[in-house]
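Colleague: Let's go through this model by question and answer. Keep it short.

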Amino acid sequence: MKKIYEHIEIDRRKMINLFMFQSTDTERVIPMHFHSNMELIYCTSGSLKVWHEGKITILMEKDALFINSNVPHSTQSITENQVVVLQFPDTFFANEQVIIQLNTQEKQVEHTILSKLRELFMDIYNLHISKGKYDYILEQSRIIELKYLLVNHFSQATGIPPEVFSEKQRKIKTIMDFMKEHYTENISLAKTARICGYSEAYLSRMFHEYTGQTFTEYKQILCLEKAIDLLETTNKSLTEISYEAGFPNEKSFRKAFKEVMGKTPYEYKKSKFDIEPSSSS
């Protein structure tokens, strides 16, 4: 189960953290999470669904999306894909006092700028994985060049230091922290609102506006991630998994699993482990 707050180790010599992932599982949803580091997502092939800033973006091949510091986001590979993720420290634009507004699906970018962005991204990736003793120096120069491109063409001034949450971010963090700790207890919107000090209507509206998911959708993904972990690592019955993962009963677990994953819990486990049918499923 992934934590809601994700701690990222930045390579101080290279100034960034960078990784590539290839997904063949088109059903798994990574729960809404956030981190102080900024993130540039580049889809090299396939497609990726991203919930962020109260909206949904479908990244296609060669699309890029920038996630600013402490912005909750969630992803799902809706086709087989290959995605490169570049993460910057939260102080990366401290001197410039800007946030980056880059979403190639949402706003058309001049062809020459977009081509340069893609070229820099892949140069950085190739240098990052290179075994050359001093290639990290060249990588640093490409990162600075990318920084210039982002600031010059995609920045928006802000008077707020990047490490400081906005008031809404603080509220969302409180709610998400509470849900992370108590989702297996089948918590309700009413209870969460009461404990966090908001009305049900306000919490519901604010949560959806900021994350792009409803309270119920987010809680369901947390529960499903826990259930998937139990399916993959234990031989517990579906009834046991249902209650342990925070569903009110096995029927609701099966229904939610089928809706989100596109198959039954048994079909999912069989596809992962090629198990034989059993009466307990």
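Predicted model: local features only at pLDDT ≥ 70, side-chain atom pairs only at ≥ 80, totals over all residues.

Colleague: Which helix gives the largest share of the lining of the second largest cavity?
Modeller: The lining is made up of Val29, Ile221, Leu224, Glu225, Ile228, Val260 and Met261. The largest share is four residues, and it comes from H6.

Colleague: How many residues of that lining are charged?
Modeller: Glu225 is among the lining residues, and Glu counts as charged. Six lining residues are nonpolar and none is polar. The charged count is one.

Colleague: How many residues does helix H6 bring to the largest nonpolar core?
Modeller: That core has 47 residues. Ile175, Met179, Phe247, Phe253 and Phe257 touch the most other members. Its largest share comes from H6 (residues 215–233), namely 10 residues.

Colleague: Is Lys116 buried, exposed or partly exposed?
Modeller: Lys116 meets Glu145 in a salt bridge (3.1 Å, N to O). The pair links helix H1 (residues 111–128) to helix H2 (residues 135–154), 29 residues apart. Buried means under 20% relative accessible area and exposed over 50%. Lys116 is at 30%, so it counts as partly exposed.

Colleague: Which residue forms a salt bridge with Lys236?
Modeller: Lys236 is partly exposed, at 32% relative accessibility. The closest N and O atoms of the pair are 2.6 Å apart. The partner, with a relative accessible area of 31%, is Glu244.

Terms used. Residues numbered from 1 in each chain as written. Heavy atoms only, no water. Core = buried A, V, L, I, M, F, W, Y, C linked by side-chain atoms within 4.5 Å. Buried < 20%, exposed > 50% of the residue type's maximum accessible area, 1.4 Å probe, protein only. Helix = DSSP H or I, 4+ residues; strand = E, 2+ residues; numbered from the N terminus. 1 Å grid on protein atoms, 1.4 Å probe; cavity = no way out; pocket = protein on both sides within 12 Å on 5 of 7 lines; lining within 4 Å. Salt bridge = Lys/Arg side-chain N within 4 Å of Asp/Glu carboxyl O.
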